[in-house]
Every structure is written in C-alpha cells, then in structure tokens.
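I opened this model with a few simple things to look up. My notes follow, in the order in which I went through it.

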Amino acid sequence: MKELHNWIKAKTLVLTHGDSDGICSGAIAKTAYPDAYVYFTNPVNLLEKLGLIKKM
C-alpha cells in the first residue's frame with residue numbers, strides 16, 4: 001500500500017470515516033494538527049488498518 005509511506009512520515013495520523021460527521025471531525029482534527037495525515041476509512045476495514053499501524 002502506497003499510503004503506508006505517508007503514515008510513516010506523519011507524526012500524527014487521523015483515521016476518520018468518509019460520512020458527513022467524519023469529514024467534519026477530520027477537518028477539526030486537521031485544524032488542530034496541521035501536519036497530520038488524514039486517512040478516510042470505514043467500519044468494515046478499520047480493524048485491518050489499525051493492525052497495519054500497529055505493525056509499524
């Protein structure tokens with residue numbers, strides 16, 4: 001996954017859903033942490049993504 005390289009470089013990673021409240025929450029988090037990498041996920045693959053992050 002090419003995205004993993006961006007995760008490694010980012011000091012802060014924000015995982016959020018792509019629905020309306022997730023987008024708004026992601027925008028608020030990005031405002032608080034401007035250097036953060038924001039990744040849109042969904043409930044179906046969230047556990048998989050967290051497992052990938054844990055391995056890093």
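**Entry 1: Thr-16**

I began with one side chain: that of Thr-16 reaches the backbone oxygen of Gly-22 at 2.7 Å. I am working with a predicted model, so I keep in mind that these are computed values.

Where does Thr-16 lie? I found Thr-16 in strand E1, which covers residues 13-17.

Is Thr-16 buried or exposed? I read a relative accessible area of 9% for Thr-16. The cut-off for buried is under 20%, so Thr-16 is buried.

Next I listed what Thr-16 touches, leaving aside its neighbours within four places in sequence. The list holds Gly-22, Ile-23, Ser-25, Gly-26, Val-38, Tyr-39, Phe-40 and Thr-41.

**Entry 2**

I then turned to how E1 is placed. E1 and E2 pair in the parallel sense. I noted five bridges between them.

Which residues stand opposite each other? Leu-13 stands opposite Tyr-37 in E2. Val-14 stands opposite Val-38 in E2.

Which residues make up the covered face of E1? I wrote down Val-14 and Thr-16. The uncovered face has Leu-13, Leu-15 and His-17.

E1, H2 and E2 make a β-α-β unit, and it is right-handed.

Thr-41 is found in strand E2, residues 37-41. Its relative accessibility is 7%. That is under the 20% cut-off, so Thr-41 counts as buried.

What does Thr-41 touch, leaving aside its neighbours within four places in sequence? I found Leu-15, Thr-16, His-17, Gly-18, Leu-46 and Lys-49.

I moved on to Asn-42. This residue is found in the loop between E2 and helix H3 (46-55). At 34% relative accessibility, Asn-42 counts as partly exposed. Asn-42 and Gly-18 are 24 residues apart in sequence. Their C-alpha atoms are 7.0 Å apart in space.

**Entry 2: Thr-12**

I went back to the loop between H1 and E1, where Thr-12 is found. I read 26% for the relative accessible area of Thr-12, which is partly exposed.

Which residues does Thr-12 touch, not counting those up to four places away in sequence? They are Tyr-33, Ala-36 and Tyr-37. I took a distance for one of them: Thr-12 and Tyr-33 are 7.4 Å apart, C-alpha to C-alpha. In sequence, 21 residues separate this pair.

**Entry 3: the whole chain**

Last, I stepped back to the protein chain. I counted three helices and two strands. Along the sequence the pattern reads α-β-α-β-α.

How much of the chain is buried? Of its 56 residues, 21% count as buried. I put the accessible surface at about 4,300 Å². Carbon and sulfur atoms account for 61% of that surface.

I looked at contacts between residues at least 6 apart in sequence. Of these, 60% join residues at least 24 apart.

Finally I checked the confidence. The chain averages a pLDDT of 79, and 77% of the residues score at least 70. Confidence is highest in helix H2 (residues 20-32), at a mean of 93. Confidence is lowest in helix H1 (residues 3-9), at a mean of 57.

Notes. Residues are numbered from 1 along each chain as its sequence is written. This is a predicted model: local features need pLDDT of at least 70, side-chain atom pairs count only at pLDDT 80 or more; totals for chains, interfaces and linings use all residues. Side-chain values use heavy atoms; hydrogens and water are left out. Helices (H or I, at least four residues) and strands (E, at least two) are DSSP runs, numbered from the N terminus. Buried means under 20% relative accessible area, exposed over 50%, partly exposed in between (1.4 Å probe, protein chains only). A polar contact is a pair of N or O atoms within 3.5 Å; within protein, one must be able to donate a hydrogen and the other to accept it, and residues adjacent in sequence count only if both atoms are side-chain atoms. Contact means heavy atoms within 4.5 Å. pLDDT is the predictor's confidence in each residue, from 0 to 100. Two strands pair if DSSP finds at least two bridges between them. A crossover is right-handed if, with the strands pointing away from the viewer, the path from the first strand over the helix to the second runs clockwise. Accessible areas come from the Shrake-Rupley method with a 1.4 Å probe; for residues, only the protein chains shown count as cover.
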